[in-house]
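Here is a friendly briefing to read alongside the model. Have a look at the fold, then follow the notes below.

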Amino acid sequence: MIGAAHCECFIYQAQSLKEKRAVVKSITTKMKQKLNVSVAEMDYHDLWQRTAITIVSVNRDTTIVEKELQRACEFMDQLPELERTITEFEWL
């Protein structure tokens, strides 16, 4: 089972694209190291306070994939750098 969570986020403190990219890179690196997921910035590359991050997990058990994606979303919610606004889940 392949599960993906597409999360739109708002970065309050970013005042430039450089600051935004530093925040996004830090978050994606932390998620890759701490969780069993793949992460990438997928949209809003030219906006400095908005981003869309997609998180993907693969496993033969749907329950495990769902738990990994939920843990990743909870991890994002605990970060003070951004606010997760819209999240869409997709199952393949």
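How many bridges join β2 to strand β3? Five bridges do so, with β3 covering residues 50–58 and the two strands running antiparallel. This is a predicted model, in which local features need pLDDT of at least 70, side-chain atom pairs count only at pLDDT 80 or more, and totals for chains, interfaces and linings use all residues. Residues are numbered from 1 along each chain as its sequence is written, and side-chain values use heavy atoms, with hydrogens and water left out.

**Overall fold**

- The protein chain has two helices and four strands; helices (H or I, at least four residues) and strands (E, at least two) are DSSP runs, numbered from the N terminus.
- Along the sequence, the pattern of the protein chain is β-α-β-β-α-β.
- The protein chain has a radius of gyration of 13 Å, close to the 12 Å that the globule rule gives for 92 residues, so it is as compact as a globular protein of that length. The radius is taken over C-alpha atoms, and the rule is 2.2 Å times the number of residues to the power 0.38.
- The C-alpha trace spans about 40 × 20 × 15 Å along its principal axes.

**The sheet**

- The four strands form an open sheet in the order β2-β3-β1-β4, with antiparallel pairing (two strands pair if DSSP finds at least two bridges between them).
- β2 (38–43) and β4 (83–91) are at the edges with a single partner strand each, so one side of each has no neighbour in the sheet.
- From one strand to the next, the twist averages 25°. Axes are lines fitted to C-alpha atoms, for helices over the stretch in contact, and angles run from 0 to 180 degrees between N-to-C directions.

- Helix α1 (residues 17–34) lies across β2 and β3, and runs at about 155° to β2. Contact means heavy atoms within 4.5 Å.
- Helix α2 (residues 62–77) lies across β1 (2–10), β3 and β4, and runs at about 170° to β4.

**Where the helices meet**

- The axes of α1 and α2 come within 11 Å and cross at roughly 140°.
- α1 and α2 are therefore oblique to each other (angles under 35 degrees count as roughly parallel, over 145 as roughly antiparallel, 65 to 115 as roughly perpendicular and the rest as oblique).
- On the α1 side, K30, M31 and K34 meet R71, A72, F75 and M76 of α2.
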